[in-house]
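Hello,

Here is the structure I promised to pass on to you.

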Amino acid sequence: MTGRFVEVADRVLVLREPLFAVNVTLVLGDGEALLVDTLSSAGQATELATAVRAVTGDPLTLVNTHHHFDHCFGNATLAADPPRPVWAHELAAAAMRDDPDRLRREAYAELRAEQPELAAELADTVLLPPTDTVHVEATLDVGGRAVVLRHPGRGHTDADLVVQVPDADVLVAGDLVEQAGPPAFEDSYPLQWPDALAELLRWTTPTTVVIPGHGEPVDPEFVRAQHAQLVELAWLIRAGHTGSAPPERIAAEAPFPARPALIAARRGYAELDGTA
Ligand SMILES: [Zn+2]
């Protein structure tokens, strides 16, 4: 079961999918609603649609925070029939439109050992690309409620979107902020990620509810602590690259577990070598 929506701020609800603790956010307007992220598969998205309908029957606009499978592979189930608008950053939209096979392959490779059934389902998932794209910023009217979509620069990917609901003081951060585990660095830009989080922090107040890609909602203090860890990591990568240290040594000193830290070090070196 996918779970149910819980209100975290005024007419802003979050459903946490149990398998990977992925957050889906539902913003209720007057006669319209906005759904941020669509989970991993047609099966998960069908259960998600049921959970949405338990809250509202209003027509949906969708947003994908980025193009990783657990945030967008449910698009076709939720927005194909009847067709509904789907928003994403222009590079996330391009990845879904131009090379869905790569996204399916990567999802399959990531899941096949531990979730073979879901991996097989993902390998056959029809990917519905976004209909509307954001370059830097766009403001939507969701039934009289302003919702701002912003790209804070490269971080978790090159195409992360942050969704701000100013009247409820909520920021949906996608995987730019992680609570359930360490940040995921496979497609990341570890030298630029701290700047993206600093930008995100400019949109907060002391009481902002920040919804991470995975895990419990957090406050700006939590984001500041993650920012400090990413600053330290970026510094280690730059110093290590200058001194020709092996990425394994960076990983051993980084403020993250060894495996993600090693991926981050390799990505950072690629950035500095101009091959990322
Ligand atoms: Zn991701």
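To start with a loop: P82 is found between α3 (75–79) and β6 (86–89), where helices (H or I, at least four residues) and strands (E, at least two) are DSSP runs, numbered from the N terminus. The peptide bond that joins D81 and P82 is cis, with omega at about -5°.

Before I go on, some housekeeping: this is a predicted model, in which local features need pLDDT of at least 70 and side-chain atom pairs count only at pLDDT 80 or more, while totals for chains, interfaces and linings use all residues. Residues are numbered from 1 along each chain as its sequence is written, and side-chain values use heavy atoms, with hydrogens and water left out.

A21, in the loop between β2 (12–16) and β3 (23–28), is not a glycine, yet has a positive phi of about 55°. A21 is buried at a relative accessible area of 17% (buried means under 20%, exposed over 50%, partly exposed in between; 1.4 Å probe, protein chains only). L39 sits in the loop between β4 (33–36) and α1 (42–53); its phi is also positive, near 70°, and L39 counts as buried because its relative accessibility is 0%.

Next, the sheet. Five strands form an open sheet in the order β8-β9-β10-β11-β12, with mixed pairing (two strands pair if DSSP finds at least two bridges between them). At the edges are β8 (137–142) and β12 (209–212), each pairing on one side only. β11 and β12 run parallel and are joined by four bridges; V170 has V209 in β12 as its bridge partner.

The largest nonpolar core has 31 residues, of which L197, L200, V223 and L233 touch the most other members. Such a core is a set of buried Ala, Val, Leu, Ile, Met, Phe, Trp, Tyr and Cys residues joined through side-chain atoms within 4.5 Å. Its largest share, six residues, comes from α8. Apart from it lies another core, of 22 residues, including V12 and I211.

Finally, W193 in helix α7: this residue counts as buried, at 0% relative accessibility. Beyond its neighbours within four places in sequence, W193 is in contact (heavy atoms within 4.5 Å) with residues including R154, L176, F185 and L230. A polar atom of its side chain lies 3.1 Å from the backbone oxygen of L176.

Best wishes

Conventions
Polar contact = N/O pair within 3.5 Å; in protein donor to acceptor, adjacent residues only side chain to side chain.
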